[in-house]
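Hello,

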Amino acid sequence: DRVEALQRLQNIAKKSAEVASLYNSLGDCAAGLSAKFTTSEEVEEAKKEEGMEQGSGGALAEPSTPPLLKSRSLKIYNQAMFMMEYVSLQGFVWLDVIGNPDRQTEDYEAFLEEMAAENGIHEATIKDCLTPFHLPKVEKIGQWTVLILRYTRAEAITDPNVEPTMPCLTHKLILLVSDLKLITIRRVEALDDFPEVAELVRTWNTAISLDHLVNKFLDDVVASFHTYLADDTQELEEREDMVDRHIMNPKHTPNLEVVWRLYKMQRRVTVHRRLIALTNAVVVKYTRLCSGHDPFQQDVRDSLQSALYNVENLYENINNLLHLHLALVDNRTNQFLYVLTSFSVVFIPLTFISGFYGQNFQLREYQWSPIYAYMLPIVVVTITVAWLKFKSFV
């Protein structure tokens, strides 16, 4: 019995030693795996930091996008066109084509033709894209709905000396819309001219659809009109203050520079007046052509109606102020002529009398009393003043 008990104790000790050894080996394995995972995470973070440093080193870096929107740069064609592809998890693709503003229109032709062949875009659409001064329009060709828009340049808002023509005041934006793809063609590298779209890309979520993205572009186009009109309205108020000072002080000489600035402002507003009207027609027609319905479509149309009202109001106010300023200039000229006319009315009869009686021959009146020579001019002047008073000229 003692021998059997001793053998049992030895077996229990051996099993305890094996369990302890297995436990130690498992602990070492777990520690190794933990160290390995930590190293992998650090490597991934290092790669991300390295990529950010490379992006900020002057090379064109891909913009940071949320997880629901994947972006990648596709190609750079002859330093004239650059294309970004945004793939949304909602099931549509956005191709953002950016043209180099330092290149001519002919440099884009080969790239656009290649893109048209890959996406089934009609050649007439490419021709419209290559026309630099195309007015806003919308049409549906095959599977693509083509929107050509123009929006106010930032330079036109900040610099009042910009030439008041459509190419100098506006940029062109082209939207090619199909069921699951959007192609934008523009000539500004960043999304600075489209703050609503930039904010949408930064905070992308599952509720964003293709129609919603298109309407954000339309909203930014209309917002550029509002910004420009607000700036011109402020300048118009300053001109009105100058005219008010002239009305309160008649001795103040009207400034012809104001007339010139009002004329240039009128030309700029005329360009925007026509563009806003055309853009409104484009948006209304696009709403009828598009298959989906986004709640923001009505907001865009309401904003356009507000811009149309503001530009018509601003145009009428500029015309009225311009005519008022010209009327004040004419009024000052008329006041000067009034003074000259007043002197002429008094002295012309006297000049007639002196000329008539200064003739070189004898008249019967020469034999009359000298009082006649004094009374005749007095009578003539009195009759003249009485007649002017009767006609309300004085």
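**Charged pairs and charged surface**

The side chains of K137 and D128 come together in a salt bridge, with 3.2 Å from N to O. Please keep in mind while reading that this is a predicted model. Of these two partners, K137 is partly exposed, with a relative accessible area of 22%, whereas D128 is buried at 11%. The pair also belongs to a network of salt bridges that links D128, K137 and E139.

In general, side chains of opposite charge can pair when their charged atoms come close. The count for this structure comes to 8 salt bridges. Another of them joins D96 to R186, whose closest N and O atoms are 2.7 Å apart. Because D96 lies in strand β3 (residues 93-99) and R186 in strand β7 (residues 181-186), this pair ties together parts that are 90 residues apart in sequence. D96 counts as buried at 1% relative accessibility, and R186 counts as buried at 2%.

A further salt bridge is formed by K216 and E196, with the closest N and O atoms 3.3 Å apart. Since K216 is in helix α7 and E196 in helix α6 (residues 195-202), the pair ties together parts that are 20 residues apart in sequence. Here K216 is buried, with a relative accessible area of 11%, while E196 is partly exposed at 32%.

On the surface, E237, E238, E240, D241 and D244 gather in a patch of negative charge.

Finally, the structure holds 0 disulfides.

Best wishes

Notes
Residues numbered from 1 in each chain as written. Predicted model: local features only at pLDDT ≥ 70, side-chain atom pairs only at ≥ 80, totals over all residues. Heavy atoms only, no water. Disulfide = S-S within 2.5 Å. Patch = residues over 30% accessible without salt bridge, like charges linked within 9 Å, V, L, I, M, F, W, Y side chains within 5 Å. Areas by Shrake-Rupley, 256 points an atom, 1.4 Å probe, with all protein chains shown as cover. Salt bridge = Lys/Arg side-chain N within 4 Å of Asp/Glu carboxyl O. Lys, Arg positive; Asp, Glu negative; His and termini not counted. Charge placed at Lys NZ, Arg CZ, Asp CG, Glu CD. Helix = DSSP H or I, 4+ residues; strand = E, 2+ residues; numbered from the N terminus. Buried < 20%, exposed > 50% of the residue type's maximum accessible area, 1.4 Å probe, protein only.
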